[in-house]
Amino acid sequence: MTRLTTKAISALRTTMVPNSTSRLSPRLTTALFQHQPRAITQPITTPFSHTRSLHQTPSRPLPASEPFKLDRTKRLPEFFSLQDKVILISGGGRGVGLTQAEAVLEAGARVHVVDILPDPSTDPDSPFSAVAKRATEELGSSITYHRVDVRNQQALNEVVQGIAKKEGRMDGLIAAAGIQQETSALEYSKEDADKMMSVNVTGVFMTAQAVARVMVENGWPGSMVLIGSMSGTVANRGLICPAYNASKAAVLQLGRNLASEWGEHGIRVNTLSPGYIVTAMTAGLFEAFPERRTAWPDANMLKRLSYPEEYRGAAIFLLSDASSFMTGADLRIDGGHCAW
């Protein structure tokens, strides 16, 4: 084969990439044109043994379930509605759990709260009472308090069974009950570690189990949101809480496993993992550890801490039909903390 002259090569390069700002080295450019394939003058007569298209997929029978049909009579906001549904919220007596309860009420559901705290509805000045008043007077709904320790399996099942019987339905769960303890791994006692796991893992498990039982027994589909944490994915720099972080990692794995078992019953299970939240507890930590007031915001991409109200929309999304094909997933909202 006749080699192209340097002048010819230059002309080809100009023709092929006239607007390119990149230039191949003379050696590489020359090599590109030195080994041209020979033209095929005779047709290929040997047939291929298989003529199946590369992108052809063998036909398979469709699953027995009905195909998804979009209800076009609804506007998009209606898919986020929880109107007339019944939602159980553990740890909803105060704090983040109560904030979630108010959001669920605003979405149209009736709420039942289970918590270990003394009944806050007996105090007319409590935040819970304020939410309860708003539920009845403004939102046309209700929030009912049940004092239960989520570690007490029998009592928990009795309460959930009673709610299902009274309401005639059970549509969802937010499992927000949990505790935190900051202690170094070398100093952690067995008793404290057992308590952390029993509340944050076993308590969440038993709550989800109690709700799933009434759903399965009655053929009710539903959605569950287990509150995890970004601490279930990463170790927090400067925050010494090995048992807590381990418990939240367990919640994430628990959510995936429950989703795999209960999906056939129409029960979706997802986890919601918040980042650092401004609460009464964090305010106390800032007094004890002033450096965290700046260190924690600096650890994420938004350079600030979050507030309980910023997780309201995520919980409604996970409970509602807006997330109808989402299960076994973790929705992490951490300001980019874990994305560095």
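So, I174 stands opposite V225, and V225 sits in β5. The strands involved, β4 (172-175) and β5 (222-227), pair in the parallel sense over 4 bridges; two strands count as paired if DSSP finds at least two bridges between them. When I say strand or helix, I mean a DSSP run, E with at least two residues for strands, H or I with at least four for helices, numbered from the N terminus.

Before I go on, a word on what we're looking at: this is a predicted model, where local features need pLDDT of at least 70 and side-chain atom pairs count only at pLDDT 80 or more, while totals for chains, interfaces and linings use all residues. Residues are numbered from 1 along each chain as its sequence is written, and side-chain values use heavy atoms, with hydrogens and water left out.

Okay, back to β5. How many of its residues are buried? It's 6 of 6. Buried here means under 20% relative accessible area, exposed means over 50%, and partly exposed is in between, with a 1.4 Å probe and protein chains only. On one side of the strand you have G222, M224 and L226, on the other S223, V225 and I227, and both faces are covered.

Two of those names come back in the largest nonpolar core. That core has 30 residues, and M170, M224 and L226 touch the most other members. A nonpolar core, by the way, is a set of buried Ala, Val, Leu, Ile, Met, Phe, Trp, Tyr and Cys residues joined through side-chain atoms within 4.5 Å. Elements giving two or more residues to this core include β1 (86-90), α5 (153-167), β4, β5 and β6 (267-274). Which element gives the most? That's α6, with 8 residues.

Let's zoom in on M170. Leaving aside neighbours within four places in sequence, M170 is in contact with V86, L88, V160, I163, V211, V214, M215, W220 and P221. Contact means heavy atoms within 4.5 Å. There's also a second, separate core of 29 residues, and among its members are I87, I89, V111 and A135.

Next, α7. This helix has 21 residues and reaches 30 Å from its first C-alpha to its last, close to the 30 Å expected at 1.5 Å a residue. The expected span is 1.5 Å times one less than the number of residues. The buried residues of α7 include Y244, L252, L258 and W262. What do the buried residues of α7 pack against? They pack against α6, β5, β6 and β7 (330-333).

Not counting residues up to four places away in sequence, Q209 touches Q153 and W262. At 16% relative accessibility, Q209 counts as buried. Its side chain makes a polar contact with the side chain of Q153, at 2.8 Å. A polar contact is a pair of N or O atoms within 3.5 Å; within protein, one must be able to donate a hydrogen and the other to accept it, and residues adjacent in sequence count only if both atoms are side-chain atoms.

For contrast, look at E158 in helix α5. E158 is exposed, with a relative accessible area of 53%. Its C-alpha is 8.7 Å from that of A210, and those residues are 52 apart along the chain.

Now G97, over in helix α3 (residues 95-106). Buried or exposed? G97 counts as buried, at 3% relative accessibility.

S306 is in the loop between α9 (292-298) and α10 (312-319), and S306 is buried, with a relative accessible area of 10%. A polar atom of the S306 side chain lies 2.6 Å from the backbone oxygen of Y276. K303 lies in the loop between α9 and α10 too. K303 is not a glycine, yet has a positive phi of about 60 degrees, and it's partly exposed at 44%. D84, in the loop between α2 (26-34) and β1, also has a positive phi, about 70 degrees, although it is not a glycine.

Last, the whole chain: 10 helices and 7 strands, with 40% of the 340 residues counted as buried. Of the contacts with a separation of 6 or more, 74% come from residues 24 or more positions apart.
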